[in-house]
Amino acid sequence: MALITCKECGNEVSSKADACPKCGARVARKAMGCGTLFGVAFLGAVILSALSGVFSSGSGTGTSATSSPSKPPETTEQKAERERKDAAVERAAAGAVILKKTMRDPESFKLESALVIDRTGAVCYDYRAKNGFGGTNVGHAVLGADGKTFKTSEMDGFARLWNKECAGKSGTEAATAIRWFAL
């Protein structure tokens, strides 16, 4: 805030005031300076260049979807495999949501890993969450291949299920997709 001189009475007035407190004359606003004008022009140029890139028709130096070779159509087997994997990730996401809801402090839940096992579709979770004392614990959970058996590392029978479904098995990591779409 700066003090300016009233053009009517000569009194000092705040630059933020609408009118002079002494005579009531309206305070003239300071016009934009060169720096402000330059900043607005620069911001406008950035926005226009971004929009032109989005709406370009692929001509010029930009790459377009039509310049890459087209993929061959998906075979029936490939489609079935993709649908199976998508269903497994959806099941893994549903399990992660349930797991989060069971936490003492659900907002503290952080999914570290969700491995969807290739052959069985079982899901092996690694996560962190606050305990009752405010500290953070690392936990593990398994959603069985049947889609019904769900055990956390605090439950009886967890080790047996983990060894059967997860230990030494390879799979597809789905934690990023789950964090984006479900948590």
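What follows goes from the overall layout to the charged pairs and then to the pocket.

First, some housekeeping. This is a predicted model, where local features need pLDDT of at least 70, side-chain atom pairs count only at pLDDT 80 or more, and totals for chains, interfaces and linings use all residues. Residues are numbered from 1 along each chain as its sequence is written, and side-chain values use heavy atoms, with hydrogens and water left out.

Start with the layout. The protein has four helices and seven strands, where helices (H or I, at least four residues) and strands (E, at least two) are DSSP runs numbered from the N terminus. Read from the N terminus, the order of elements is β-β-α-α-β-β-β-β-α-β-α. Of the 183 residues, 22% count as buried; buried means under 20% relative accessible area, exposed means over 50%, and partly exposed is in between, using a 1.4 Å probe and protein chains only.

Now for the charges. Side chains of opposite charge can pair when their charged atoms come close. Here there are four salt bridges, each being a side-chain nitrogen of Lys or Arg within 4 Å of a carboxyl oxygen of Asp or Glu. E74, R82 and D86 are linked in a network of them. On one side, E74 meets R82 at 3.0 Å, N to O; on the other, D86 meets R82 at 3.8 Å, N to O. D86 and R82 both sit in helix α2 (residues 76-101), four residues apart, which is about one turn of the helix.

A114 is buried, with a relative accessible area of 0%. Its C-alpha is 6.6 Å from that of D126, a residue twelve positions away in sequence.

What about a charged residue that is buried yet has no salt bridge? That would be E165, in helix α3 (residues 158-165). The nearest side chain of opposite charge, K164, is 4.2 Å away, with Lys and Arg counted as positive, Asp and Glu as negative, and His and the chain ends not counted. The side chain of E165 does reach the backbone nitrogen of A145, at 3.5 Å.

Last stop, the largest pocket. About 240 Å³ of space lies in it. Of its 13 lining residues, the closest to the centre are M103, Y127, K130, N137 and E154. A pocket here is an open set of points on a 1 Å grid over the protein atoms alone, where a 1.4 Å probe fits, with protein on both sides within 12 Å along at least five of seven lines; lining residues have an atom within 4 Å of a point. The volume is the space filled by probe spheres set on the points. Strands β4 (123-130) and β5 (136-143) each supply at least two residues of the lining. By class, the lining has four nonpolar, six polar and three charged residues; Ala, Val, Leu, Ile, Met, Phe, Trp, Tyr, Cys and Pro count as nonpolar, Asp, Glu, Lys and Arg as charged, and the others, Gly among them, as polar.

Methods: A polar contact is a pair of N or O atoms within 3.5 Å; within protein, one must be able to donate a hydrogen and the other to accept it, and residues adjacent in sequence count only if both atoms are side-chain atoms.
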